[in-house]
Amino acid sequence: MEPEREGTERHPRKCLTSKGRELTRISLVAEGGCCVMDELVKPENKILDYLTSFSGITKKILNPVTTKLKDVQRQLKALLPPDAVLVGHSLDLDLRALKMIHPYVIDTSLLYVREQGRRFKLKFLAKVILGKDIQCPDRLGHDATEDARTILELAEYFLKHGPKKIAELNLEALANHQEIQAAGQEPKNTAEVLQHPNTSVLECLDSVGQKLLFLTRETDAGELPSSRNCQTIKCLSNKEVLEQARVEIPLFPFSIVQFSFKAFSPVLTEEMNKRMRIKWTEISTVYAGPFSKNCNLRALKRLFKSFGPVQSMTFVLETRQPHLCIQYEVLEAAQLAIESLDGILVDGICIKVQRPVTELTLDCDTLVNELEGDSENQGSIYLSGVSETFKEQLLQEPRLFLGLEAVILPKDLKSGKQKKYCFLKFKSFGSAQQALNILTGKDWKLKGRHALTPRHLHAWLRGLPPESTRLPGLRVVPPPFEQEALQTLKLDHPKVAAWRWSRKIGKLYNSLCPGTLCLILLPGTKSTHGSLSGLGLMGIKEEEESTGPGLCS
């Protein structure tokens, strides 16, 4: 069976619709190579790109077609007896496109599997195993019926000769040699490349003959000198870059997509930097209360300082009963205070401990959850109440703290004295959890939780302008011009444009194949108005992630 559909790089024949990849043609051949079904299929959603060079399908060909996916499913059920064996190349993707399951299958991409679970292209197997050329470049699109017959022949060859014969062919070496020849390079010793730690990713791709895609705007296009095997596509706009990325990325093992945006004005940049600093200050601040008017202030200060370093602590007296506003130096201390004290009784009064509610803290619960799940924090814990001899005590008990990689003991910048909190980095989450249980137990009596702030985040925040001196709890009001623009959603406003593009790039990420590693780089800036460090966001596309908008982290 060979459905012609929108697929991955392993199956480039496709039709791109507004909802992603959809079936456009299916070919079914019986044993002996007789074609029993060859149907064009009308996608349910709007077609964005027919990808004619791969599928051979055009708007003119598909316009009169009325056959829908449900019709194809009905035909297949009628044609196939219950004990039929379906044969295909990357058959899991074919069945997914058909939205069907079948109990008896043979997948030739798994019969002739590559190293580390990768799959050979059908065209390569046809040439090396069967000695035939398919998917010729001078032909408009691929012949789905021809491909279906080829897949059947490959399955029959494997069943006749067995895996030992396939192993003797050394397909991996043949494929690597062919890729290198196609790239116009002399074969290199991959081991030599790996011995040089400064070898770039692009040079590594060159060494094994892998193709690279570079998508950029014409005005910003630059050459990639370290990659001679690179296909560069220059576009007129960011919108065109995005559209090309959705089409081309599945066809390449490695892609670089470059968007270019107009720089924010110095006034807006300064305002956004201030708001970022204020946001971080506010999510590290908690309000606690109500307390009785005769409460022991000294005891309360001691209680809240036990969770971490306090930047400031003030009484809020405008309320009927007194409240406290505590601004912590680190986010972990604020979160620990909320988790430990919210809802407890103090002098017979049930108190609430919560963050201030402003437009900058509305999503703080989501932010905290994402930070806690960040891979940088998976093996790290935060501890409060540590003494100057804590490190020595820790190292005296190596059996209790297996997998300990680093002890981070912050110091006061002015006095040089060690602060009363620290971070411990372990090799695994399990080791970190075990250590946390011990250190917060009755013997050590420390307070702690899993870390929320990667070390590089502190460095980035230090690069922002000094934090605002506004009074705690005062609402941040955007400048009039910005407020007006956000209310009217003017498309040309830089902040609105950035928000919209963030969603578009998020959709591009969610359209990637499961297992795809995605790295987003936000370059830093240098100007007469100040400098700002860049950021890198990394994530691996999971199988269960939806195709809707969603860190990219």
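**Figure 1. Ser90, in the loop between strand 7 (86-88) and helix 4 of this predicted model.** Ser90 has a positive phi of about 60°, although Ser90 is not a glycine. Most residues other than glycine have a negative phi. The relative accessibility of Ser90 is 0%, so the residue counts as buried.

**Figure 2. Helix 4 and the residue that follows.** The buried positions are Leu91, Leu93, Asp94, Leu95, Ala97 and Leu98. Asp94 is one of these buried residues, as are Leu93 and Leu95. Just after helix 4, Lys99 takes a positive phi of about 55°.

**Figure 3. His102, in the loop between helix 4 (91-98) and strand 8 (105-107).** His102 has a relative accessibility of 19% and counts as buried, because the cut-off for buried is under 20%. A polar atom of the His102 side chain lies 2.7 Å from the backbone oxygen of Ala84. Which residues does His102 contact, leaving aside its neighbours within four places in sequence? They are Pro81, Pro82, Ala84 and Leu86.

**Figure 4. Packing of helix 6 (residues 122-130) against helix 7 (residues 144-169).** The two helices pack at an angle of about 60°, and their axes are 10 Å apart. Helix 6 and helix 7 are therefore oblique to each other. The crossing of helix 6 past helix 7 is left-handed. From helix 6, the contact is made by Leu122, Leu125, Ala126, Ile129 and Leu130. From helix 7, the contributing residues are Asp147, Thr150, Ile151, Glu153, Leu154, Tyr157 and Leu169.

Figure 5. Leu122, Phe124, Leu125, Ala126 and Ile129 are the buried residues of helix 6. Among them, Leu122, Leu125, Ala126 and Ile129 also take part in the contact with helix 7. An α-helix has 3.6 residues a turn, so residues three or four places apart point the same way. Just after helix 6, Gly131 takes a positive phi of about 70°.

**Figure 6. Asn170, in the loop between helix 7 and helix 8 (171-182).** Phi of Asn170 is near 50°, a positive value in a residue other than glycine. Is Asn170 buried or partly exposed? Asn170 is partly exposed, with a relative accessible area of 44%. Ser90, which also has a positive phi, is buried at 0% relative accessibility.

**Figure 7. Cys34, in the loop between strand 4 (25-29) and strand 5 (35-40).** Cys34 has a relative accessible area of 49% and is partly exposed. Not counting residues up to four places away in sequence, Cys34 touches Leu28 and Val29. Thr145 is 111 residues from Cys34 along the chain, and the C-alpha atoms of these two residues are separated by 9.5 Å.

**Figure 8. Lys211, in the loop between helix 10 (201-207) and strand 9 (212-217).** Lys211 is partly exposed, with a relative accessible area of 45%. Which residues does Lys211 touch, not counting those up to four places away in sequence? The list is Asn229, Gln231, Phe252, Pro253 and Phe254. For Phe254, 43 residues from Lys211 along the chain, the C-alpha atoms of the pair are separated by 7.2 Å.

**Figure 9. The cis peptide bond from Gly289 to Pro290.** Omega of this bond is near 0°. Pro290 is found in the loop between strand 12 (285-289) and helix 13 (297-305). Most peptide bonds are trans.

**Figure 10. The whole chain, as a setting for the close-up views.** The predicted chain has 20 helices and 25 strands. Of its 553 residues, 41% count as buried. The accessible surface of the chain comes to about 31,500 Å², and 53% of this surface belongs to carbon and sulfur atoms.

Definitions and conventions:
Residues are numbered from 1 along each chain as its sequence is written. This is a predicted model: local features need pLDDT of at least 70, side-chain atom pairs count only at pLDDT 80 or more; totals for chains, interfaces and linings use all residues. Side-chain values use heavy atoms; hydrogens and water are left out. Helices (H or I, at least four residues) and strands (E, at least two) are DSSP runs, numbered from the N terminus. Buried means under 20% relative accessible area, exposed over 50%, partly exposed in between (1.4 Å probe, protein chains only). A polar contact is a pair of N or O atoms within 3.5 Å; within protein, one must be able to donate a hydrogen and the other to accept it, and residues adjacent in sequence count only if both atoms are side-chain atoms. Contact means heavy atoms within 4.5 Å. Accessible areas come from the Shrake-Rupley method with a 1.4 Å probe; for residues, only the protein chains shown count as cover. Axes are lines fitted to C-alpha atoms, for helices over the stretch in contact, and angles run from 0 to 180 degrees between N-to-C directions. Angles under 35 degrees count as roughly parallel, over 145 as roughly antiparallel, 65 to 115 as roughly perpendicular and the rest as oblique. A crossing is left-handed if the near helix is turned anticlockwise from the far one by less than a right angle, and right-handed if clockwise.
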